[in-house]
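User: I am about to look at a structure with two chains, and I would like to work through it by question and answer. Could you take me through it step by step?

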Amino acid sequence: MKKNLRWKTILVVFIIALVVFLAYPPSDKIQLGLDLKGGMHLVLQVVTDDALNQETNQEILRLREQLKKKDIEYRTIVKGEEKIGRFTLLEFDSEKEGQIKELLDDYFKEWNHTIIGTSVSFSMKSDVDHYLRNLSVLQAMETIRNRVDELGLSEILIQRQGMTGERIIVELPGVEDPERVKGILKTTAFLEWKLVKAGPAPDQETLLQDFGGKVPEDMEILKGDPKRTEGGYYLVSNVAPITGKDLRNARRTTDEWNSPAISFTLTPEGGKRFYKFTSENIGKPLSIILDNRIQQVANIESRISDSGIIHGRFTVEEADDISLVLRAGALPATIKYLEERTIGPSLGADSIRKGLSSILIAVIIILAFMAFYYKLAGFNAIIALIFNVLILMGALAYFKASLTLPGIAGIILTIGMAVDANVLVFERIREELSHGKSISSSIASGFSRAFKTILDANVTTIIAAIFLFQFGTGPIKGFAVTLIIGITASMFTAVFVSRLIFDLSLSKRKKREKLSI
Amino acid sequence: MKYKFFAFALSGIIITVGIVNITTKKGLNYGIDFAGGTLIQIRFINPFPIADLRQSLSNIGLGNSKIQEVEKGQREFIIRTMLPEEDVDQELEAHVIMGNKVVETLKKDEDRLASEKGLKDLNNIEKNQLTYIFQTSFPDKAEELAEKIIDFRESAEQKGIIENLNQLTTELEISPEAIELLKEKTYLGSMSIKRRETVGPQVGHELRRKATQATIWALIGMLIYIGIRFKFAYGVAAILTLAHDVLITMGLFSLTNREINLPVIAAIMTIVGYSLNDTIVIFDRVRDNIKILRKLDFESILDTSINQTLSRTVITSGTTLLTVAALYFFGGEVINDFAFTMMIGVIIGTYSSIYQSCSILLFWKKIFNPKKGMGK
């Protein structure tokens, strides 16, 4: 019996030492949630339809190329308006159906195609659809991470909501200028260089005068960015020889008129392509397009290989931010914000202070009550309670779970509920004593009979907390975590630690007449 | 047990009134977490009468915003705005723009004048910008000075606002030269935005669905656990008791027109766990007593069990209630709704465990296996 007690004591001391080691000093070891330290919580949605649309556009271009190569005539290709990832080839030359079939099997394996009369309708296979959507979310996360890194923020969290979700949670502590950060994260930053065929024109009709009022198949209409150009409409080639993917670097610089501009360098491969392209098109107007808005139009004066400057009436901040997003890469699809929460540091500091003082008050009230109602045994419960809070802190530090304001509420609630296990045991012991049992057997049967109750009662609360954890967002998760850890710890302290204290105090005196409970 | 009909009637009335209120009248008052909208917590440098605040908001067509005073003294408020019902399909941007309008309209003319002159608002400036201001005159200490001032402003005492520049002299011992520089380049804006949350309608609707689902799944999980550890009838009685608690709480929220937000849902789920805790302790006794007190009929066994566990139930509920009350009174504005819900919940949970759970169990047994006797 004695040896047994010694081992138990060592175990308890070891656990306490361990949790103190894990959690001390708490200001370093315990992570605070955004609601306590201040910062920004964003939920954004990747519009994956965009990625599918882009893919569809590219496939249409490819189909056109192939048909031209094989000399197959057709009326037109139309993209599905309502459903994403569909297009139809209309009225192809019926004599060449065999060739078309061959083409479809060889080059369009990722598409389901059905031939009806002289038309073919294409629809993207569902596994390809899933793959592209998933890929675009992963790429978006990567890009956002790059941008946040460029901003020099630390302790960031970028997380996908759910395994296959299209939503991304971004948590940025200590953000100083939320609007700027939001702008930077949201910019698609898709950069293209395209030849200008006509424009600018005040409206689309004037623009298309020379083209018989119709947009030629290899061109498209884009608007000029009103901040950087005169605005209006431009007709540009729909093939971009160089895009943002060919960029190696981009920086803010000042141009020859001393206004902010962006200098860029291209990858060696992109540089070669650009050199060839500019050589072939000297004298023609070239546009730089960012997210489908024309930023700048200039005539190609000489061959350009690997570096250049974008002028565009930028402010210093704009030039900084645009070069940042260009360096970090483009988003594969547009994103939109679904939720944004910004909490100032002063509110967090206030919450911490109020939270801590409520914990303190709660503890004092409970301690006073337990000591009053259960006398010496109450102190036993107090020790168990303090251990409980220590274990909770240690576990928080170990699991790197962040402490949130609801988390503090969870701690306070745990303190209230942890006493419950002690109360159950003590009430049982009192009952056993009143039945005239001896002290030690009262204690023994009190504990063993209460244990079953404690287990059943607490497991159900844990079940509720687990569902809460699974459903909740940041702060609520913090609450669920502290509740789960706290209740588990309370079972250990109430059943094991407080039993040990009883046993230790009994073993000191051979015979004890009265138990203070 | 002798009060069972009275208790049934009482709960029945409260639940009915609650449900009637929810379904026929204004329903539940969803906060921005569930309905979508913008919450702005603002602190003013001088007291801003709440009536004026409401007037300013009406002037921009947001008169239906909810304004809540934080602490006494009319200096800090939480403003919640929601878009009208027909606009719920709008994107988040609409809410953001609305929030900006709120902030803009509450600014004082002095703020606008000063910022037009190119001065920076010391109550909203970022550390980098402040460092930049100090850079030319105090190149060595610029960052240190800026950090000191910002940390002071954001401390729990200042709550995000510097009231006058003298504070910097007396509390931070900033040199007169630096103060002069601040006077020249900055002004003390009349307010500081401490918290701003915008939830798009899409997320709100989804959260509502998820919260309901989580509650239902938690109830099912508990039913299964109790079914395994006890008997099915106990599980049903426990779950009905919980449903009773949730319905009463929701009813009270509707009657008092208090807002339902995420922390409140967390509190309701905790109450579910907590109330069950009490119920199980009583059922556990019943389980034991059925074996010990074979001669008594089931109703007396229930009575005995309730009485035997009564002191424990009261003590535990009492301690929990005390801690939650500490949170309610000292925990601050942000956690207030949560603490309020927990307080009602603990009281209702205790009441229902004592007066409802066993009665439900009794009725269930009477209805479904009347012949077998009440024992096993």
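User: In which order do the 3 strands of the open sheet in chain A stand?

Analyst: This is a predicted model, in which local features need pLDDT of at least 70, side-chain atom pairs count only at pLDDT 80 or more, and totals for chains, interfaces and linings use all residues. Residues are numbered from 1 along each chain as its sequence is written, while chains are lettered from A and ligands numbered from 1 in the order in which they are written. Strands (E, at least two residues) and helices (H or I, at least four) are DSSP runs numbered from the N terminus, and two strands pair if DSSP finds at least two bridges between them. In chain A the pairing of this open sheet is antiparallel, and the order of its strands is 12-13-16.

User: Which residue is the bridge partner of Ser263(A) in strand 16 of chain A?

Analyst: Strand 13 (residues 260-266) of chain A runs antiparallel to strand 16 of chain A, and 4 bridges join them. Helix 10 (residues 316-328) of chain A lies across strand 12 and strand 13 of chain A, at about 170 degrees to strand 12. In strand 16 of chain A, the partner of Ser263(A) is Ile309(A).

User: Which residue of strand 5 in chain A does Phe87(A) stand opposite?

Analyst: Strand 2 (residues 76-79) and strand 3 (residues 86-90) of chain A pair in the antiparallel sense over 4 bridges, and they form a hairpin with 6 residues between them, where Gly85(A) in the turn has a positive phi of about 80 degrees. Lys79(A) stands opposite Phe87(A) in strand 3 of chain A, and 4 bridges join strand 3 to strand 5 of chain A, again antiparallel. In strand 5 of chain A, the residue opposite Phe87(A) is Phe122(A).

User: Which residues form the covered face of strand 5 in chain A?

Analyst: Strand 4 (residues 111-116) of chain A is joined to strand 5 of chain A by 6 bridges in the antiparallel sense, with His113(A) opposite Phe122(A). These two strands form a hairpin with 2 residues between them, and Gly117(A) in the turn has a positive phi of about 60 degrees. Strand 5 (residues 119-124) has an uncovered face of Ser119(A), Ser121(A) and Ser123(A), whereas its covered face is Val120(A), Phe122(A) and Met124(A).

User: Is Gln58(A) buried or exposed?

Analyst: Gln58(A) lies in helix 4 (residues 48-69) of chain A. A residue is buried if 20 or more other C-beta atoms lie within 10 Å of its own, exposed if 12 or fewer, and partly exposed in between, with C-beta atoms placed from the backbone. Gln58(A) has 10 C-beta neighbours inside 10 Å, so this residue counts as exposed.

User: Why do the buried residues of helix 6 in chain B line one face of the helix?

Analyst: The buried residues of helix 6 of chain B are Leu130(B), Ile133(B) and Phe134(B), while Asn128(B) and Gln135(B) on the other side are exposed. An α-helix has 3.6 residues a turn, so residues three or four places apart point the same way. Seen down the axis of helix 6 of chain B, the buried residues line one face because they fall within an arc (that of the directions from the helix axis to the C-beta atoms) of 95 degrees.

User: Which helix of chain B gives the largest share of the side that touches chain A?

Analyst: Two residues are in contact if their C-beta atoms, placed from the backbone, lie within 7 Å, and the contact between the chains takes 61 residues from chain B and 59 residues from chain A. The elements giving two or more residues to the side of chain B include strand 7 (191-199), helix 10 (201-229) and helix 13 (298-330) of chain B. The largest share, 13 residues, comes from helix 12 of chain B.

User: Which residue is the bridge partner of Glu339(A) in strand 7 of chain B?

Analyst: Strand 17 (residues 335-343) of chain A and strand 7 of chain B run antiparallel, joined by 5 bridges. In strand 7 of chain B, the partner of Glu339(A) is Val199(B).

Definitions and conventions
Axes are lines fitted to C-alpha atoms, for helices over the stretch in contact, and angles run from 0 to 180 degrees between N-to-C directions.
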